[in-house]
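Subject: Structure handover

Hello,

Here is the structure for you to look at. My notes on it follow below.

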2 protein chains.
Amino acid sequence: MPATLHDVAALANVSIKTVSNVVHDYKHVRPDTRERVLAAIKELGYRPNITARGLRSGRTGVIGLALPELSLSYFAELADSVIRAAEKRSLVVLIEQTGGGDREREIEMLSSPRLQLTDGLIFSPLGMGMADRELLDVPYPLVLLGERIFGGPTDHVTMRNVDAARAATRHLLERGRRRIAVIGGHEGEDMGSATLRLRGYREALAEAGVPFDERLILPAREWHRHDGARAMRDLLAAGTPFDAVFGLNDTLALGALRALQEAGVRIPGDVAVIGFDGLDETQYSLPTLTTVDPGRDEIAATAVRVLAERIEGRRGAPGNDGAGPREYLADFRLIERESTAS
Amino acid sequence: MPATLHDVAALANVSIKTVSNVVHDYKHVRPDTRERVLAAIKELGYRPNITARGLRSGRTGVIGLALPELSLSYFAELADSVIRAAEKRSLVVLIEQTGGGDREREIEMLSSPRLQLTDGLIFSPLGMGMADRELLDVPYPLVLLGERIFGGPTDHVTMRNVDAARAATRHLLERGRRRIAVIGGHEGEDMGSATLRLRGYREALAEAGVPFDERLILPAREWHRHDGARAMRDLLAAGTPFDAVFGLNDTLALGALRALQEAGVRIPGDVAVIGFDGLDETQYSLPTLTTVDPGRDEIAATAVRVLAERIEGRRGAPGNDGAGPREYLADFRLIERESTAS
DNA sequence: TGCGGGTAGTGCAACGTTGTAAGTTCTGTG
DNA sequence: CACAGAACTTACAACGTTGCACTACCCGCA
């Protein structure tokens, strides 16, 4: 049975409020009283009951992080960054998985009782789209990540997807590649990583006067390794000529790497490959993978900071008091490695 | 401002206790009363306040999961499994990272106030050792994972490390390999994955009458990809002959794969490689990696079940009422892939 | 008519904390 | 040495919920 304020107060011969005051570093406590209370706290091993505190204050010190799946490396690394960032603000992170792009589950999540003891949510949807925008108008602080919804009612932290994809494509074009396949297209998508990155790709092609070839766009609804490998095998089987591959994320690119090598294609000799996400493991593939680092730590730190600010009310709810929803853009960085060496 | 029992009670013209009774499906409520209450609940969008409930009942429905780092794939996949298993029991998971084997942080974690609103903890240490055993004697339900501590005061879920490593080594021996290098040794370790797996390795060698060669044991304190690659390069540089590599985990093996191929070594022609952990990505490396699947889902499900049982008190605290600490062993499975094909 | 036994519903206290307002004890000054 | 004002301390209520003990009622049976 853990000690309570009552126990400490009894032992130190003061009121429970005084103990509370000591715990909270309230100014007006005589040094000897403070001494006595601290001794009692130590003796009893008292630690404040966060649940009770939460009930009183309406805060729990817990933030939620809802993402598709931790087994997708990108989200595992994102969660790592978010937990670290939260720790710096003494917040603790509760993780919910919504599955790989399951729109229904994402929507359910937003009103899940499982989030009850959370002060706010960092939400990275993959299934919801622009049409679901107003569903983000929830009665608690919410920070949106990702590229599925723009202009929604909440703060949004994302990156310069179009610019980054343009830079990645340019990188290939500058190395003389002209037939650049793209893996990970989402047909019929109105908004999302695929759409934005494909836009950057087309812009770069246009800039360079290279014609766009529909056949080089390989759809892959999910972005796991085997989707990349499968898409690559399809392209090889189709016989469409190409001299470079742009994986819309690293996992796709790594899967493609594998399929290309199986087929005896030399990288980067015959085909150059570039990915997107800056995953740790892109440093250890063979060859090492050129990729775009989307500034994951920056995204995580910003998301946590903005959420914490909303929670503390230093800025009211978006659209409530003029502190409207804001969009934050993280900087990206192209990391050149062997897979696109000249 | 969310609705409370009071609001619902007022609207339905009953006492708050009756509302509470309806919410909890208490038998003695007349159908029409129940009807009225449910209507009021719906109208006000009432949802119980979990914090308050937690204060009353001493339960929060949250379990903690403390692990080294999510950016280590094994732990990301473990966390995924734990979250899924917890979800089935309507538990929610709060994740803490202790860093890659930081003993101090692990010990701190055990008494961290950050765990306060957690009903129990699943703990996977990497830095603590047998000597720290009694530190696990904490005043809340704790389930231990991993191979650092055996015979401690808590329930423990782990796998047959020695057997699995023996099987892995045998697998290589059966394919005619005699000079099997091992990556990931931990010198001076009294207990841990490295020690147990190395024991299985030596047992398999002894069984087969193959002499043990100290020079083939390559230490690697951390088990990241680059540690595997570094160790492999060291061995190649030393010129010690070898025809197989046993990575004590998959990440080490994948790093080794990379270093071997850089050096022009053919796999499995010149050197066969086997890993340990059954990571998803071992299916997509080139060549695909033979590995030992330690039954991660089973481990996670067991850990959550045992923890939930302790929390619900269906079995008292270990050593308290005869329901002493138990050890659970998950089954392993050797997955044969290209890296060890004959 | 009274009484046992079940059903339906209620009131109070408590979980451990903190904000408010008010009380008590000091200190220094006139 | 009185007294204002600051320094220190306290009692009480509340946060939203649930367990306990209780009342009120109804039915059937002796």
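Which residue lies over the face of A:F212, and at what distance from the ring centre? A:R202 does, at 3.7 Å from the ring centre. In chain B, B:R197 lies over the face of B:F276, at 3.8 Å from the ring centre. A charge counts as over a ring if NZ of Lys or CZ of Arg is within 6 Å of the ring centre and within 35 degrees of the ring normal.

Some ground rules. This is a predicted model, in which local features need pLDDT of at least 70 and side-chain atom pairs count only at pLDDT 80 or more, while totals for chains, interfaces and linings use all residues. Residues are numbered from 1 along each chain as its sequence is written, chains are lettered from A and ligands numbered from 1 in the order in which they are written, and side-chain values use heavy atoms, with hydrogens and water left out.

The two copies

Aromatic pairs

Over all chains, six aromatic pairs were found (ring centres of Phe, Tyr or Trp, the last by its six-membered ring, within 6.5 Å; planes under 30 degrees apart are stacked, over 60 edge-to-face, the rest tilted). B:Y201 and B:F212 form an edge-to-face pair, 6.4 Å centre to centre with 70 degrees between the planes. B:Y201 is in helix α8 (residues 193-208) of chain B and B:F212 in the loop between α8 and β7 (217-219) of chain B, so the pair ties together parts 11 residues apart in sequence. Helices (H or I, at least four residues) and strands (E, at least two) are DSSP runs, numbered from the N terminus. B:Y201 is buried at 1% relative accessibility, whereas B:F212 is partly exposed at 28% (buried is under 20%, exposed over 50%, partly exposed in between, with a 1.4 Å probe and protein chains only).

The sheet

Chain B has an open sheet of four strands in the order β7-β6-β8-β9, with parallel pairing (at least two DSSP bridges per pair). Its edge strands are β7 and β9 (272-274) of chain B.

Regards
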